[in-house]
Amino acid sequence: NILVGEGGSGMRVSVLDQATCGVLAEFVRARCETGGASLLLGAVLELFCVLVCPGPSGAPASWVDGEEKEQVLRLLADNRMMTSLLGHSSRAVAGLASRLMSVIVDGSNIAFVRAMQEAALREGALLRHFHSALFAQGKSQRDISRSMCALWLDDSPDAQSLVSRILPPGCTSLFIPPPPEPPVPHALSGSASRTPPAPPSQEKEGPGVRADRRQAWDAFFDALGGDVSEIGVVWDEKRRGELRVALEAEMDVLTRHRGRGGGAFAWNHEEFEVAYPSLRNHLCVDGIYLWKALSAVSAGRTDEVMKLIPDAAPLFAKLYRLLLETWGGGAG
């Protein structure tokens, strides 16, 4: 049995057994499928947070621990349910889900994390939280969304491919942190155990590694909040505004589809990309904005250009083909 108490003069203690927790988890799952009852859903999630999430400084780590905590986390470790909660229209519900998700992931293996990444893409949760990580008014909501984006983007080629289609040329290579280095196996010597390590797909990152990666992704979002004007990158408030409009339009589309399908749908994220009207007339070849490159050369900054174009032959070949295509199209 799980004891839940409330401090103060009017202490109340109630008993939650495993069956009751199971019923509450099924309620959460049902609300994810049918929608509605956000206040009640938030109250149930808050109860689960009290049970398994770390408390404030000086408070118990969580109300339950050991086997009881594992039982509750197993009830909540549902990819579809958690991803739906993280993409919930209620900020309060999404925030509580984020707290629970952090505890679930800390006790999960890589296979579970990969499944969560795929579900976040498929159900549009990554899109919603990417938008919130950049544009949410409240810092607490931006921090929650950044944390979830870090989980879903890190070491995920599909998610990072989506980001490369969302951002203008050059932003991906400039801003996205490099992939994590593979763990170095411990050397075996003497009579040490020769048991081989667990398969990579089942190894779980240590909390320190995950914290480092989250810091790297925080830096990524901080960089997107600033301005860059270079030969290979043009990123500023105007481009952020165009990105915001495009993301919100796609989120509206997903909301309508979710409503028509009763909550069940799959986002075709592989075909989504953002067009920037303000960059439409600026020719960009191989990640090089030609007007920026020519301006740099005219200003005597040839070395700056050559760093990005170590071999000019492929670039000129692409420019030649582009000119032929343009002229051919005009002639037709």
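**Exercises on a predicted model**

Counting disulfides, taken as pairs of cysteine sulfur atoms within 2.5 Å, gives zero. This is a predicted model, in which local features need pLDDT of at least 70 and side-chain atom pairs count only at pLDDT 80 or more, while totals for chains, interfaces and linings use all residues. Residues are numbered from 1 along each chain as its sequence is written, and side-chain values use heavy atoms, with hydrogens and water left out.

**Exercise 1.** Determine how the axes of helices H3 and H5 are oriented to each other.

*Solution.* Helices are DSSP runs of H or I with at least four residues, numbered from the N terminus. The axes, which are lines fitted to C-alpha atoms over the stretch in contact, with angles running from 0 to 180 degrees between N-to-C directions, come within 10 Å for H3 (residues 66–76) and H5 (residues 91–106) and cross at roughly 115 degrees. Angles of 65 to 115 degrees count as roughly perpendicular, and H3 and H5 are therefore roughly perpendicular to each other. Their contact (heavy atoms within 4.5 Å) is made by Lys-69, Leu-73 and Leu-76 of H3 and by Leu-100, Val-103 and Ile-104 of H5.

**Exercise 2.** Describe the backbone and the exposure of Asp-155.

*Solution.* Asp-155 is found in the loop between H8 (139–153) and H9. Although Asp-155 is not a glycine, its phi is positive, at about 60 degrees. With buried set at under 20% relative accessible area, exposed at over 50% and partly exposed in between (1.4 Å probe, protein chains only), Asp-155 is partly exposed at 37%.

Terms used
Helix = DSSP H or I, 4+ residues; strand = E, 2+ residues; numbered from the N terminus. Parallel < 35°, antiparallel > 145°, perpendicular 65-115°, else oblique.
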